[in-house]
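Here is a short note for a colleague opening this structure for the first time. The points are numbered so that they can be checked one by one.

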Amino acid sequence: MTQQLVTLAQPAPAPAGRQSLRGRLLRNPLGIIALVYLGMITVIALVGPLLAPFAPDEASLQLVFAPHSAENLLGADSAGRDVFSRLLHATSVSLAGAALAVAVAAVIGIPAGLIAGYRGGWFDTVAAWLSGLILSLPAIVVLLAVRAVVGPSLWIVMAIFGVILSPSYYRVVFNAVRAVREELYIDAAKVSGLTDLRIIGRHILSAVRAPAILLTAGLLAVGIAIQAALDFLGLGDPALPTWGGMLSEGFYNIYRGPLLILWPSLTIGLTCIAFTLLGTALRDELEMSGDRNKDRNIPWTPPSTRPEPPIRHGDSTQADPLLRVDNLSVAYQVDGAWKTVVDDVSLHIASGEVHALVGESGSGKTQTAWSILGLLPQGGRIKAGTITFDGTELTTARSRALQEIRGRRIGYVPQEPLSNLDPSYTIGHQLIEPMRILLGMDRKTARDNALHLLERVGITDPLRVYSAYPHQISGGMAQRVLIAGAISCKPQLIIADEPTTALDVTVQAEILDLLRTLQREDGVAMLLVTHNFGVVADLADRVSVMRSGSIVETGTVVDVFGGARHEYTKKLFAALLDDAPARPAWTQREVTA
Ligand SMILES: Nc1ncnc2c1ncn2[C@@H]1O[C@H](COP(=O)(O)OP(=O)(O)OP(=O)(O)O)[C@@H](O)[C@H]1O
C-alpha cells in the first residue's frame, strides 16, 4: 500500500470494471430489457410520425369508437381519430417533452453544481440559496400558474418544469464534486499546472458522470409521469397528441371504449418502468454491486505455476500459535477472470511474538494482512486456505463472531494515519466509542481510559488532543492516536501495516520506540507489514519474505539476517548493503568544489 505520489497530468487508468460499462450493461438482464424497450420506443418516436397511416387529428364521424380493424389497428376514439396513428405521434411528443425538461434541468444544474462544488465562495452560497428556494416551491402550483400565464404550451411548461428539476442535478453534482475536490490527485493536477477548466473536464467530470447518468434515467421517468398528469388534468396543449391527453380521453369514455385507456396507460407505465429499470441496472453496474452474485459463477483455479515451498530456517511450526494462516490464496475478479494476488501463504504467530512481513511493493503483504482482518476491498475474495485466530476459524466465521474478534482481540494500526480518522468526530469520541461498545465501559471510565492511553502513547497534551478534530493534529500525533485506539481494548494481536511510512524520520523512530515498549509491556503479538529491514531488525522476532504473492523464505530474524538462502532475500539485502558510494564521485567533486 505504498502511497504513490503520481503526477496526475494523465488521468489514472479506469478500474477494469469500469472499462466496459456498456458491455456489462448488455450482460445485465434488467439492463437488456430496459434498453431493448427504450430503443424500440425511441425508434418509434423518430420514425413513427412518418409511418403513421393517418394524421393525428384526421377525424371521421363514421369511425367514432370504431373497434380495431385492418385499417384502424387499435380502433378509433370518440372523435373518430385513428388511435394507432395518434399513439405514434404522441410517442414523439411525450418523449420530446420529457427530454426537454431533463435537458433544461441538466444544462442549469450540472454546470452550477460543478462550479459551486469546485470553487465554492459566493457562487456556492447563491446557488445553494436558489436551489433551496426552487425546491421549496410546489411544482404543480408553479406549472398551473405558468399555464395560466403563457397558455397551453407543452414546450414552455416542460421547460419550466426543467428549471424546477434542476436542483436535483445541482445537489447530486455538488456532492460528487465536494467528495473529490480535496483528493490528493486533484491537488497533484493543480500543481502540475492544469487549468481549473481542464481539471474539471479531466478529473472531476468522471466522478460526476455516474450519479448524473443515474439521475437522468430517474428524471426522464418523472418527466413522462408529470407531463402525462398535466395532460390528463386537461392542462396540456389540446392541439398536440400526447400519451396523457389520450389517457384523459380514454378515461372520459371508459364505458363506451374501454380499450382507449389501455394503450396510453400501457405505454406510459412501461416507459416509466423501463427508465427505472435502466437506472437500477446502471447503478448495479456502476457500483459493481451485482458482482457479489456474479463472481460465484466464475470458478477460481490456482495459478498454473504454483509457488515453490518457502525456505524455512529451523522449525517454523509452533504447537499452539495465536494466529495460524495456512495455504491462504486471495484473488480479485478482473475482466471476468480471477487474478490471484496471494498464493499459498502460510504463517504462524505465537502469543507475544512479532512477525514481520517484508517484500517489494505489490508482493501481497497488505492483502495478507487485510485477509486476516476480513477487510479485503470489494472484488477481493479468500479463495483457499484457513485463518485461525485463537481457535476460531475466521474465513467461515459469522459476522458477529468477527466483530467480537476485530477491534476487541485484534487491533489494527493503518499506514495513513490522518485518512483513517473520521473528520466529523473529535479524537476523544473516536477513542471512547469502541471501549463503550466492545468493553461496555460507561462514558466517564472510557474518557479517563482514553486520556490515559493518549498519555501512554506519548501525547504531551492529552486533554487538548482529546477534544481536537483530526485536522487539528499532526500526522505523527494521528499515528499515536491510532496506536492508542488499537491497544484500547487490550488486543492479543496487533496488525500494523507500514505504521511509519507516512511519517518523517524522527517521528518514525519515536513511533517504533512506542510500538516496541507497548509490545514488551503488554506482551501483545504483532504482525508487522513493512518494506524496511531496519524496522524488522528493530522490532521483529520472525520474518517472512514475500515475492509475487507468496512467501519465499521464513525464519527467525537472527537466522534470516544471519544467513539468507533465497536469491530474492539475498538481493533485498544486497540492495540495502550496497558498497557503492552514497552518490557518484563526480557529484561529490562538484559539491566539494
Ligand atoms: N482491487 C484490486 N484489484 C486487483 N488487484 C489488486 C487490487 N488490490 C491490490 N491488488 C493487487 O494485489 C497485489 C498485492 O497488493 P498489496 O497491496 O498486498 O501489495 P503490498 O505488498 O502491500 O505492496 P506495498 O508495499 O506497495 O503496499 C498487487 O499486485 C496489486 O496490484
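**Notes on the sheet, its helices and the cores**

1. Start with one pair of residues. I495 has L527 of strand 9 as its bridge partner. Helices (H or I, at least four residues) and strands (E, at least two) are DSSP runs, numbered from the N terminus. The model is predicted: local features need pLDDT of at least 70, side-chain atom pairs count only at pLDDT 80 or more, and totals for chains, interfaces and linings use all residues. Residue numbers run from 1 along each chain as its sequence is written.

2. Seven strands make up an open sheet with mixed pairing, in the order 1-11-10-4-9-8-7. Two strands pair if DSSP finds at least two bridges between them. Strand 1 (311-312) and strand 7 (410-413) are the edges, each pairing on one side only.

3. Is strand 9 enclosed or open to the outside? Five of its five residues are buried, so strand 9 is largely enclosed by the rest of the structure. A residue is buried if 20 or more other C-beta atoms lie within 10 Å of its own, exposed if 12 or fewer, and partly exposed in between, with C-beta atoms placed from the backbone. Both faces are covered: A525, L527 and V529 are buried on one side, M526 and L528 on the other.

4. Strand 10 (residues 542-547) and strand 11 (residues 550-556) pair in the antiparallel sense. Six bridges join them. S544 faces T554 of strand 11.

5. Two helices pack on the sheet. Helix 13 (residues 365-373) lies across strand 4 (354-359), strand 7, strand 8 (493-497), strand 9 (525-529) and strand 10. It runs at about 145° to strand 8. Helix 18 touches strand 7 and strand 8, and its direction makes about 175° with that of strand 7. Axes are lines fitted to C-alpha atoms, for helices over the stretch in contact, and angles run from 0 to 180 degrees between N-to-C directions.

6. What lies inside? The largest nonpolar core has 74 residues, and those with the most contacts inside it are L493, I495, L527, L528 and V536. Helix 18 (residues 475-487) gives the most to this core, with eight residues. A nonpolar core is a set of buried Ala, Val, Leu, Ile, Met, Phe, Trp, Tyr and Cys residues joined through C-beta atoms within 7 Å. Another core, of 65 residues, lies apart from it and includes A101, I226, F232 and L282.

7. Return to I495. Leaving aside neighbours within four places in sequence, I495 contacts A369, I372, L373, I410, Y412 and L527. Contact means C-beta atoms, placed from the backbone, within 7 Å.

8. Helix 18 also meets helix 19 (residues 505-522). Their axes come within 10 Å and cross at roughly 15°. Helix 18 and helix 19 are therefore roughly parallel to each other; angles under 35 degrees count as roughly parallel, over 145 as roughly antiparallel, 65 to 115 as roughly perpendicular and the rest as oblique. G476, Q479, R480, I483 and I487 of helix 18 meet residues of helix 19 including V507, I511 and L514.
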